[in-house]
Amino acid sequence: MDRHNAEIRRLKDMIDGCSRAVVFTGAGISTESGIPDFRSPNGIWSKTTPIYFDEFVSSEAARREAWRRKFHIDQDIDNAEPNRGHRAVARLVREGVVSAVITQNIDGLHQLSGVPEENIIELHGNGTYAKCLTCATRYDLEPIKKDFLEADIIPECRFCGGLIKGATISFGQAMPEDEMRRAQDATLACDLFIAIGSSLVVYPAAGFPAIAKENGAQLVILNREPTDLDHLADLVLNLEIGPTLGEAANVN
Ligand code: NAD
């Protein structure tokens, strides 16, 4: 058995031996679906810099640029289908092995792969709708997109005049309280925490693997490149996500 097969075997054994696992995902699980991540060599941050929340609020030019980028990235997301990695996670949830999928992703692919909404915790929001920053009214994206692309209109709330923003969490924006609490509870209740496709540098999200480990859970990190938290892990797999999880969960 070569080293990679032995590592995947070990992951399988850890999954079989645990009583309650949590999966924590980052942009890396969706690259095999054609959505670029942020920090790979060809990732989004190699081409552009993030727009911080206070810039979005204070500058019309930043809002225009944020909407332009969003509708550009959405082209990839709209066309994306769940891949083998998502399907493997969905199977582990269905089998009752994984109790929660904590995700930093905003692409909705865990839902599309069949993970029930109640098992998904979206730490950085969801890119498939927009929200008023003042009164939290929810807006469909289609009319906003049409007005923006055809008439360069930056949306404002029709009820309170507040700024409308895609329902994702930007750098510098407060984290969603409910989701943070649910993620904390799930992390503290698990005996196996599997971090998948995340560079583990965006905090507070990246704090959960260490919380799990300190609380006595075993920690697995599956990521193509090394991460800063590898030294904490019981098992580090520097492998491709789809084939690795597919193998470990018997999913094609
Ligand atoms: P990241 O870009 O910082 O890290 C992704 C990691 O995944 C990289 O270290 C890369 O080596 C690894 N990776 C990529 N493809 C892989 C594959 N096929 N197999 C194994 N490893 C692979 O992503 P992050 O840690 O999630 O942090 C970035 C932030 O970007 C998150 O907050 C998230 O909200 C946001 N984001 C989301 C999406 C999405 O929803 N799909 C896409 C881009 C960015």
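User: Where is Leu200 found, and what is its phi?

Analyst: Leu200 is found in the loop between S7 and H8, where helices (H or I, at least four residues) and strands (E, at least two) are DSSP runs numbered from the N terminus. Its phi is near 55°, a positive value in a residue other than glycine. This is a predicted model, in which local features need pLDDT of at least 70 and side-chain atom pairs count only at pLDDT 80 or more, while totals for chains, interfaces and linings use all residues. Residues are numbered from 1 along each chain as its sequence is written, and side-chain values use heavy atoms, with hydrogens and water left out.

User: Is the peptide bond from Tyr203 to Pro204 cis or trans, and where does Pro204 lie?

Analyst: The bond from Tyr203 to Pro204 is cis, with omega near 10°. Pro204 lies in the loop between strand S7 (192-196) and helix H8 (208-214), and Leu200 is found in the loop between S7 and H8 as well.

User: Turning to helix packing, at what angle do H3 and H6 pack, and which residues meet?

Analyst: Two packed helices are described by the angle between their axes and by the distance between those axes. Helix H3 (residues 60-79) packs against helix H6 (residues 141-151) at about 120°, with the axes 11 Å apart; axes are lines fitted to C-alpha atoms, for helices over the stretch in contact, and angles run from 0 to 180 degrees between N-to-C directions. That makes H3 oblique to H6, given that angles under 35 degrees count as roughly parallel, over 145 as roughly antiparallel, 65 to 115 as roughly perpendicular and the rest as oblique. Arg64, Trp67, Arg68, Lys70, Phe71, Asp74 and Asp78 in H3 meet Leu141, Ile144, Lys145 and Phe148 in H6, contact meaning heavy atoms within 4.5 Å. The residues of this contact of H3 with H6 divide into 5 nonpolar, no polar and 6 charged (Ala, Val, Leu, Ile, Met, Phe, Trp, Tyr, Cys and Pro count as nonpolar, Asp, Glu, Lys and Arg as charged, and the others, Gly among them, as polar).

User: H9 also packs against other helices; how does H1 lie against H9, and how does H4?

Analyst: Helix H1 (residues 3-17) and helix H9 (residues 241-248) pack at about 50°, with their axes 9 Å apart, and that makes H1 oblique to H9. The contact is made by Ile8, Leu11, Lys12 and Ile15 of H1 and by Thr244, Leu245, Glu247 and Ala248 of H9. For helix H4 (residues 84-94), the axis comes within 7 Å of that of H9, and the two cross at roughly 30°, which makes H4 roughly parallel to H9. Arg84, Gly85, Ala88 and Val89 in H4 meet residues of H9 that include Pro243, Leu245 and Glu247.
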